[in-house]
Amino acid sequence: MTLARLTPPAGPPRLLALAQLANSVGDGAYLVCSALYFTRIVGLPPEQVGLGLTVAWGLGSVAGVPLGHLADRRGPRATAVVLALTTAASVAGLLAARSFAAFLLAVCAYAVGQCGLAAARQALLAALVRPEERTGLLAYLQSTLNAGLGAGAALGGLALHAGTRTAYLAVLAVDVAGFLVCAAVLSRLPAVPPRPPVAAAEPAFAVLRDRRYALVTALNAILLLRMPLLSLVVPLWVVEHTSAPGWIVAALLLLNTAAVTLCQVRAARAVTGLPSACRAVRRSGVLLLASCAVFALSAYGGSAAVAAGVLLAAAALQVAGEMLQSAGSWQIAFDLAPPDRQGQYQGFFGAGTAAARTFGPALLTPLVLSGGTAGWLVLGALFLAAAHTMGPATRLTRPRALATDGRP
């Protein structure tokens, strides 16, 4: 695959991709090292680190709507730049954190800045890119994100190998630099005029009263429970329930990252409107169900090689479902949002990601590890039901748009 096929067209799409790459490299390094930095270097107990991160991401998920609303009313470019700088400052604060209070303040600012930045960038993308091109660009951005996270994780791995305070601080400094570069790149995008203020009789946060959009967001959050699978549930499943070697966990993660980096753009090409988006989500439910069933079969592999092969097949099905689900959900999130309120609607939709990351481990760990095969099949059935409900839920919100392009 050529480099040209992995990069979006010149202009705003390419600048958005460069901004994504800059902060994702830093984030990849941060994600690999942060937990050990807080416990080994700062000296916080793991319980305090877990509590702080839970509080921070809970606050971040709530902040997405008002900060997205701010992007609508003050202009998404300026808001995105300020939030990128705020996030850089929060990571710099972690460099100086020596107590739980300082850690909590910095990590809350980090989570709020990240969630708000995501909403503002989505609003910026919606304003600068034609509707029919948004999903394709988001596929490029997702590929860029995975490539950046992979590169950052490699840097983080070097820091873990060194194990010194200087190495950990260098990783955080890389993350600070990434967000500073992100802010600089975003500032080069064309200015987007603020949306006019809402009428006095209209609610400021209209998305909080949009029950149909809330239903679509909730269904997407269920599908996003796939996110903790490879990072948490599958590693524990491999160790406790299969005869596969431990290194297979790294291979599964590498397969996922490489597949999304190389194939997400191709997977998104068929998504051009709400009907095709709903079809993609529905197909993703079938693939995720199949993936869960094959993961369950890995417990019955008689040898390490057989179990490893079954796990690789399950991961391949999972990432195929992931790419279709991502492409479909992007299109749905944009097309169902009012054009003048993209910021707050994208902030609300993004809260589903935070919810899946926050509650997914607590839900999936007992379901799969204690439930075994039955637990995997229940999870797969949940994916299938959510994916097949997305079309009817979307049709409730935009019946005319769906009627123009066939059955969702």
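Predicted model: local features only at pLDDT ≥ 70, side-chain atom pairs only at ≥ 80, totals over all residues.
Local features require pLDDT of at least 70 and side-chain atom pairs pLDDT 80 or more, whereas totals for chains, interfaces and linings use all residues. Residues are numbered from 1 along each chain as its sequence is written, and side-chain values use heavy atoms, without hydrogens and water.

Helices are DSSP runs (H or I, at least four residues) numbered from the N terminus. The axes of helix 5 (residues 100-128) and helix 7 (residues 165-186) come within 13 Å and cross at roughly 25°; axes are lines fitted to C-alpha atoms over the stretch in contact, with angles from 0 to 180 degrees between N-to-C directions. The two helices, helix 5 and helix 7, are therefore roughly parallel (angles under 35 degrees). Tyr110, Gln114, Leu117, Arg121 and Leu124 of helix 5 meet Asp175, Phe179, Cys182 and Leu186 of helix 7, contact being heavy atoms within 4.5 Å.

Asn220 lies in helix 8 (residues 211-223). Beyond neighbours within four places in sequence, Asn220 contacts Gln325, Ser329, Phe349 and Met390.

The structure holds 0 disulfides (pairs of cysteine sulfur atoms within 2.5 Å). The sulfur nearest to that of Cys115 belongs to Cys108, 11 Å away. For Cys182, the closest cysteine sulfur is in Cys115, at 14 Å, too far for a bond.

The table lists buried residues, meaning under 20% relative accessible area with a 1.4 Å probe and protein chains only.

| Residue | Relative accessible area |
|---|---|
| Asn220 | 3% |
| Cys115 | 17% |
| Cys182 | 0% |

Terms used
Parallel < 35°, antiparallel > 145°, perpendicular 65-115°, else oblique. Buried < 20%, exposed > 50% of the residue type's maximum accessible area, 1.4 Å probe, protein only.
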